Amino acid sequence: MEKGLSEILSSHQGTKSDLIPILQDIQSNLGYLPEEMMKDVSLFTRVPESEIYGVATFYSQFRFTPRGKNHIMVCTGTACHVKGADNIIDGIKRHLDMPDEGVTPDGEYSMESVGCLGCCALAPCATVNDNIKSNITLKDIKKIFRRRK
Ligand code: FES
């Protein structure tokens, strides 16, 4: 069950060292870090909001936008990069009409690029809701991501 911010904060001491665990808790409960909550996190931890944003943007695990119903992670590690990961990303964006923010307007899909997914021999790779897709070609994109029009 989803926890509210006050419940999340109440399980921490409110020290500066709680900042990352608090951000992790918020993200694991809500799927992202709502910007409107950062002020309360700042008051609770006494860490300035600007510093919170600095920390949250430093770690790629944190995101300030909600994920789509289906989340795509495209590997841009070395093997996948060499095998055309950038073309796969462009192809997915084109096929899904996905803006640069990485979430389709209907909230159906979101996408991010990630480091090695651990299946380099099957590059280029991606996951869709944690299901691995390997040896992806531009032709596969239409089959993998069917759109209801
Ligand atoms: S580099 Fe893509 S799976 Fe390893």
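Me: Which residues of helix H4 (residues 49–58) are buried, and where around the helix do they lie?
Reply: This is a predicted model, and in it the buried residues of helix H4 are Ile 52, Val 55 and Ala 56. An α-helix has 3.6 residues a turn, so residues three or four places apart point the same way. Seen down the axis of H4, the buried residues fall within an arc of 95°, so they line one face of the helix.

Me: Which exposed residues does H4 carry on the face turned away from its buried side?
Reply: The buried side of H4 is formed by Ile 52, Val 55 and Ala 56. Turned away from that side is a face with exposed residues, and these are Ser 50, Thr 57 and Phe 58.

Me: How do H2 and H3 pack, and how many residues of their contact are charged?
Reply: H2 and H3 pack at an angle of about 150°, with their axes 11 Å apart. Angles over 145 degrees count as roughly antiparallel, and that makes H2 roughly antiparallel to H3. The contact is made by Leu 19, Ile 22, Leu 23 and Ile 26 of H2 together with Met 38, Val 41, Phe 44 and Thr 45 of H3. By class, these residues divide into seven nonpolar, one polar and, as for charged ones, none.

Me: At what angle do the axes of H2 and H4 cross, and how many nonpolar residues does their contact have?
Reply: The axes of H2 and H4 come within 11 Å and cross at roughly 65°, which makes H2 roughly perpendicular to H4. H2 passes H4 in a right-handed crossing, and the contact is made by Leu 19, Ile 20 and Leu 23 of H2 and by Ile 52, Val 55 and Ala 56 of H4. By class, this contact has no polar and no charged residues, while its nonpolar residues number six.

Me: How do the axes of H3 and H4 cross, and how many charged residues are in the contact of H3 with H4?
Reply: The axes of H3 and H4 come within 9 Å and cross at roughly 110°, which makes H3 roughly perpendicular to H4. Met 38, Lys 39, Val 41 and Ser 42 in H3 meet Glu 49, Ile 52 and Tyr 53 in H4. Sorted by class, the contact of H3 with H4 has four nonpolar residues and one polar residue, and its charged residues number two.

Me: Which helices do the buried residues of H3 pack against?
Reply: The buried residues of H3 are Met 38, Val 41, Ser 42 and Thr 45. They cover an arc of only 100° around the axis, which puts them on the same side of H3, whereas Lys 39 and Leu 43 are exposed on the other side. The helices that the buried residues of H3 pack against are helix H1 (5–10), H2 and H4.

Me: How many helices and strands are in the protein, and what percentage of its 149 residues is buried?
Reply: Read along the sequence, the protein follows the pattern α-α-α-α-β-α-α-β-β-β-α, which contains seven helices and four strands. Counting as buried those residues with under 20% relative accessible area, the buried share of the 149 residues is 43%.

How values were computed
Residues numbered from 1 in each chain as written. Predicted model: local features only at pLDDT ≥ 70, side-chain atom pairs only at ≥ 80, totals over all residues. Heavy atoms only, no water. Buried < 20%, exposed > 50% of the residue type's maximum accessible area, 1.4 Å probe, protein only. Helix = DSSP H or I, 4+ residues; strand = E, 2+ residues; numbered from the N terminus. Arc of directions from axis to C-beta. Axes fitted to C-alpha atoms, helices over the stretch in contact; angles between N-to-C directions. Parallel < 35°, antiparallel > 145°, perpendicular 65-115°, else oblique. Contact = heavy atoms within 4.5 Å. Nonpolar A, V, L, I, M, F, W, Y, C, P; charged D, E, K, R; others polar. Left-handed = near helix turned anticlockwise from the far one by under 90°.
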